[in-house]
Amino acid sequence: MHRIVSATVHPALRLILLALALCLSVTANAEEPDVRTTWRLLDYIAVDYASAVSEGRVADEFEYREMVEFSDVVARQIAALPDTKDNQALIRRSDQLRALIANKEPAERVGRFARALAASLLTAYPVPLAPSQAPDLVRARTLFAQNCASCHGAAGSAPPAAMQALDPPPIDFTDIDRARQRSAFGLYQVITQGLEGTSMPSFASLSDEDRWALAFHAGSIAFEDVAKGERIWREDDGIRQLVPDLETLAALTPESLAEQIGEDRALAVMAYLRANPNAVGQANDTGSLAFVRDTLDRSLSAYRAGNREEARQLALSAYLDGFEPLEALLATRDGGLMREVEQALGQFRAGIESGANPSELQQLRARIDSLLARAEGALAPEAASEISTFLGAFTILLREGIEALLVVIAMIAFVKKSQRTEVLPYVHGGWIAALLAGVATWVVATYFVSISGASREMTEGIGALLAAVILASVGIWMHGKSQAEEWRRYIQEKMGKALSRGSAWFLFGLAFVVVYREAFETILFYAALWNPQSSGIILAGALSAVALLALIAWAMLRYSRKLPITQFFRYSAILIAILAVILAGKGVGAFQEAGVLSATFIAGLPRLAELGFFPTVETMGAQLLTLLALIAGFRASRATSNPPPANATG
C-alpha cells in the first residue's frame with residue numbers, strides 16, 4: 001500500500017474509516033466526481049494487490065478485503081462520472097476489474113489491468129498530470145528532511161525506532177519491488193491528499209511545485225544507477241521518444257517502461273530521469289542557448305548547495321546538449337566568438353572540478369551570458385547572408401579535407417616511388433570506404449538515431465588519438481628511410497616482402513582512419529549548416545572546396561614526383577609528424593569536451609583548434625609527449641639507418 005505513515009489503528013476500524021472517507025468524497029463531489037481519487041485507488045490496487053493474493057490464494061485477509069472494497073469504490077466512482085463516449089467502456093472495465101479480484105487472478109494480470117484502466121480514465125477525463133516545469137530536486141532534499149525524515153528516516157529507508165511499531169510501519173522508499181510499480185503522479189497524489197483513515201496527512205499546504213519535487217525525490221530513492229541511465233538517455237533517441245515530456249514521465253512506472261526497453265535499462269533510465277526531470281524534452285531543446293542558460297543556472301545552484309557531481313553533470317549538459325549542436329553554425333558566422341563561448345564553458349566546468357569559490361563561478365556565468373547574447377545575434381536568421389553561407393560550406397570542407405589529403409597524397413606518392421603500384425587500390429579503397437562510411441553515418445544520424453554531443457566528441461577524440469599514434473610511427477619510419485643510402489636495394493629486398501605480408505592492409509586502415517575522422521566531423525558540420533532555402537549556396541561552397549582540394553592534390557602529386565626519394569621521405573616525415581602533434585591535441589581536447597578528462601586551463605594563452613592547441617595542461621602535455629616521442633624516434637631511426645662504419649684492420 002502507498003502508506004507513507006499510519007497510526008496504530010485496528011485493521012477493521014481502519015478499513016471502515018477509509019471506506020467512509022471515500023464515500024464522503026463521492027457524496028461531497030456528486031456533481032463533479034473525484035477522478036484523481038479514483039485514479040489513486042487504481043494505482044493502489046496495481047501496486048498492492050500482489051501482497052493480498054499469491055498463487056490464487058489469499059495471502060493477507062485484510063489486504064484482500066481492501067482490494068475488494070476499493071474495486072467496488074472504483075466501479076461506483078466511474079459509474080457516477082458524466083456521460084461521455086468512453087464512459088460505458090470504463091464502467092464495463094471496472095466491472096471486469098472487480099471480477100478479476102473476486103476470482104483471485106494473478107497479481108501481474110490484475111496490476112496490468114488496473115494500470116490500463118487508470119490510463120484510460122485519465123484519457124477520458126483529463127486532469128493535470130505533471131508539474132508546469134521540471135521539479136527542483138535540490139530543494140526537494142531540503143523539503144524531505146523537513147517534512148518526511150522524522151517518519152521515514154533521512155535516507156528514506158530506515159524509519160526511526162518509534163515509527164517501526166506502527167501498523168503498518170512507514171514505507172521503505174528503497175523497496176525496489178514497489179518502487180518499480182510506482183509513478184511520480186501516484187506519489188504526488190498521496191502527498192497532496194494524504195491517506196484517509198491513517199495519520200499520513202495532506203501536504204496541500206505546500207506549493208504545487210514543492211509537492212511535485214517531493215514526489216520525484218521520493219520516487220528516485222530506490223534507483224541508483226544514474227550514470228548508466230544518463231548514457232542510455234543521451235545515446236538512444238528511441239527511448240527519448242518514449243518519454244517526450246514531463247506528463248509522460250510523471251505518469252510512467254519503471255515496470256511499464258521495462259516492458260518496452262528491458263528491466264536493467266528501464267531502472268537505469270528512471271534513476272536518471274527521476275533525479276534529473278529537466279532532461280525530459282531536451283531532444284526538442286537541443287541546440288538552444290536558452291537551454292544553456294537555464295542549465296548553467298541550475299548547475300550553479302547545485303554547486304552552491306554542495307552537490308558538486310550534479311553541478312558537473314549539468315555544466316557538461318549545458319555544453320553537449322545546448323551549445324555543441326550550434327557550434328558548427330556559429331563557427332561559420334563568427335569563429336572567434338564560437339571559440340570564446342566554448343572556452344568559457346570549459347572554464348566553468350573546470351571551476352567546478354577544482355572547487356572554485358561560487359562567486360568566481362558566478363562571475364564566469366555572467367561573462368558566458370554576455371557571450372551567449374552575442375551568439376544569439378550571430379545565429380539569428382537575419383544574420384545569415386549568401387556570402388557567409390557560401391564561405392561556411394567552403395571553409396568547413398576545405399579545412400577538414402586538407403588534413404586528410406596531406407596524409408593520403410603522401411601515401412600515394414610513397415607507393416609510387418616505391419614502385420609498388422599494385423597496392424594503390426588499398427590506399428584508394430581506404431579513403432573511398434571512409435567516405436562511404438561517412439555517408440552511412442549521416443543517414444543513421446538523420447533518420448534512425450540521434451548522435452549525442454558526447455558521442456560525437458568521443459568519436460572525434462578516439463579517431464584523432466588513433467591517427468596520431470599511427471602517423472607518429474609512420475613519420476619515424478619515413479625519417480629513418482630518408483637517410484638510407486641504399487634505398488633502392490631496400491625497396492627490392494625488403495619492401496616487397498613487407499607489403500606482401502599485410503602492409504597493404506595497413507595502408508588501407510591508415511587511409512580509412514584519417515579520412516573517416518575528417519568525414520565524420522564534416523558531415524556533422526554540414527548537417528548543422530543545412531537549410532533547404534540555402535541548399536544551392538551550400539552545394540556551391542562544397543563543390544568549390546572539392547575543386548580546390550583536387551587542384552591541391554594534383555600539385556602535390558606532381559611536385560612529389562620531382563623530389564629525390566630521400567628528400568621526399570624527409571619532407572613527408574616532417575609533415576606527418578606535425579599532423580601527429582596536432583591530432584594528439586585534438587584528441588585530448590575532444591575527451592575534455594566530452595567530460596571524460598578534466599581540464600586545467602592556463603590563463604592568457606590563445607585557443608587554436610585548427611592546430612590542436614588548447615590552453616590546458618592536459619592537451620599541451622599530450623602534444624609535448626608526442627613531440628618528444630617523435631624527436632627520440634627520429635634520432636633512433638637515423639642511428640639505425642646510418643650505422644658507424646666497421647673498423648678496417650690489417
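Which residues lie nearest the centre of the largest cavity? In this predicted model, the largest cavity is lined by 20 residues, and those nearest its centre are Gly346, Arg349, Gln592, Glu593 and Ala599. The elements that each contribute two or more residues to this lining are α19 (308-333), α20 (335-354) and α27 (565-593). Of these, α20 gives the most, with six residues. Sorted by class, the lining consists of seven nonpolar, seven polar and six charged residues. The space within the largest cavity amounts to about 240 Å³, and the count of cavities of 30 Å³ or more comes to five.

Attention may now turn to a helix. Helix α5 comprises 18 residues, numbered 107-124, and extends 26 Å from its first C-alpha to its last, close to the 26 Å expected at 1.5 Å a residue. An α-helix has 3.6 residues a turn, and therefore residues three or four places apart point the same way.

The buried residues of α5 are Val110, Gly111, Ala114, Leu117, Ala118, Leu121, Leu122 and Ala124. Because these buried residues fall within an arc of 160° when seen down the axis of α5, they line one face of the helix. Their packing partners are α2 (35-52), α3 (61-79), α4 (87-102) and α10 (184-193). On the face of α5 turned away from this buried side are found the exposed residues Glu108 and Thr123.

Methods
Residues are numbered from 1 along each chain as its sequence is written. This is a predicted model: local features need pLDDT of at least 70, side-chain atom pairs count only at pLDDT 80 or more; totals for chains, interfaces and linings use all residues. Side-chain values use heavy atoms; hydrogens and water are left out. Helices (H or I, at least four residues) and strands (E, at least two) are DSSP runs, numbered from the N terminus. The expected span of a helix is 1.5 Å times one less than its number of residues. Buried means under 20% relative accessible area, exposed over 50%, partly exposed in between (1.4 Å probe, protein chains only). The arc is that of the directions from the helix axis to the C-beta atoms. Contact means heavy atoms within 4.5 Å. On a 1 Å grid over the protein atoms alone, a cavity is a set of points where a 1.4 Å probe fits but cannot get out, and a pocket is an open set with protein on both sides within 12 Å along at least five of seven lines; lining residues have an atom within 4 Å of a point. Grid points are joined across faces, edges and corners, and a volume is the space filled by probe spheres set on the points. Ala, Val, Leu, Ile, Met, Phe, Trp, Tyr, Cys and Pro count as nonpolar, Asp, Glu, Lys and Arg as charged, and the others, Gly among them, as polar.
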